[in-house]
Amino acid sequence: MRATPNWADPASHIARHLPDEALHYFSPATLQTTAKRFLSGFPGLVTYAVKANPGEEVLANLWAAGITAFDVASPQEMTAVRATCPGAVLHYNNPVRSAAEVDFARGMGVASCSVDCPSELARLDPLPRTTEVAVRLALPVVGAAYDFGEKFGAPPEAAVDLLREVARMGFKPAITFHPGTQCADPAAWGAYIRASAEVARMAGVPIGRLNVGGGFAAHRSGPAPDLEAIFDRIAEEVATAFPGTPPALVCEPGRAMVAEAFTLATRVKAVRGTGAVFLNDGHYGGLGEIRDIGLGDRVRVLAPDGRLRAGAFTPRIVFGPTCDSLDRLRDPLALPEEIAVGDYVLFDGMGAYSRSLATGFNGYGPKETITVERLG
Ligand SMILES: *Cc1c(COP(=O)(O)O)cnc(C)c1O
């Protein structure tokens, strides 16, 4: 599916409708282009981490572009994927599961599960032995915006024991890791791939697949990240670390797959004498992730007629619309001096962890998504 865009771009929709509530613009063409970039460049199976943006139009367009497998973390995500992509392969990679969730997963016929400790592996006993079980490895690696290893993953020695137990139980053994989100440093993948090979060797268990996680960086500021350089580095590291019989590869991008396909549009409600700006969206809406990983520089301001505001930019304090003093952007934001009430502040590259984190606190938060041919 590629819903026919109703609008050429955000500026034409804004000039016509003057939307007063925050909203997202979505470009199916951009999403499919990114999917095809992963499919042609990554040397293995490309799955999509649904939590980054579980929207039906996202799942449908990824499916149409040729993505057939999805990384899911909950029964609700499994249901959402199968509703839109009927034959989809499910990888259930949330390593902590209730007994009821394991039952649900069995009913869904999940193809792969990850584990990071013996008690969680024991809980997978009801699953058929055709299921792949990937041991999730954690290393103290830097390079990402924040470290996923703090919550999930087994250190190498524990991973060795766990991998042996996976094989003993009769599941298909694999290894997985996640270098941390918005990871721009290829060395993180290198360290994990070498450690994975070492774990498999120490365990004496050959692995059929190695899942190199998500974590691929989206374009937040400066030049766009070079995904192909990371793909090439992954292929080289795997060839060196697993001489002879390299495992098949899997990746599970969330952010880098979907970020570029959405722009968040907010409107200026007030400009105070101090220069501070109040927007109609903020921390509790589509900008929820900014407090943790900061904002890039991909911000543009449009006048109500759709014209781009140019001129000098000055850093300003930006508040969101709710009556909560935490509802303020972490860092000052450079905005044009001529910015005025009624203008639109557009945040590009907001497809991941924006709509999926937005709340309706105080009645705000982006609600509508408008399909456009192009975002720029
Ligand atoms: C969140 C998550 C991903 C996606 O991470 P991104 O940084 O968005 O690419 C992939 N795999 C697992 C297991 C995750 O939890």
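Two strands count as paired if DSSP finds at least two bridges between them. Keep that in hand for this predicted model.

**Exercise 1.** Work out which strands pair with strand 7, and in which sense.

*Solution.* Start with strand 6, residues 132-136: five bridges join it to strand 7, and the pairing is parallel. One of the contacts to look for is arginine 136, whose bridge partner in strand 7 is threonine 176. Next, take strand 8, residues 209-211, which pairs with strand 7 in the parallel sense over three bridges. Here alanine 174 has arginine 209 in strand 8 as its bridge partner.

**Exercise 2.** Is strand 7 mostly covered or mostly open? Find out, then trace the chain on to strand 8.

*Solution.* Strand 7 spans residues 172-176, and four of its five residues are buried, so "buried" meaning under 20% relative accessible area, the strand is mostly covered. Now follow the chain: strand 7, helix 8 (residues 186-203) and strand 8 build a β-α-β unit, and its hand is right.

**Exercise 3.** Classify the ring pair of phenylalanine 177 and tyrosine 192.

*Solution.* The structure has nine aromatic pairs. In the one between phenylalanine 177 and tyrosine 192, the centres are 4.5 Å apart with 10 degrees between the planes. Planes under 30 degrees apart count as stacked, so this pair is stacked. Now place the partners: phenylalanine 177 is in the loop between strand 7 and helix 8, while tyrosine 192 is in helix 8, 15 residues apart. Both residues are buried.

**Exercise 4.** Which ring does arginine 129 lie over?

*Solution.* Look at phenylalanine 171: arginine 129 lies over its face, 4.3 Å from the ring centre.

Key: Residues numbered from 1 in each chain as written. Predicted model: local features only at pLDDT ≥ 70, side-chain atom pairs only at ≥ 80, totals over all residues. Heavy atoms only, no water. Buried < 20%, exposed > 50% of the residue type's maximum accessible area, 1.4 Å probe, protein only. Helix = DSSP H or I, 4+ residues; strand = E, 2+ residues; numbered from the N terminus. Right-handed = clockwise from strand over helix to strand, strands pointing away. Phe/Tyr/Trp six-rings, centres within 6.5 Å; stacked < 30°, edge-to-face > 60°. Lys NZ or Arg CZ within 6 Å of the ring centre and 35° of its normal.
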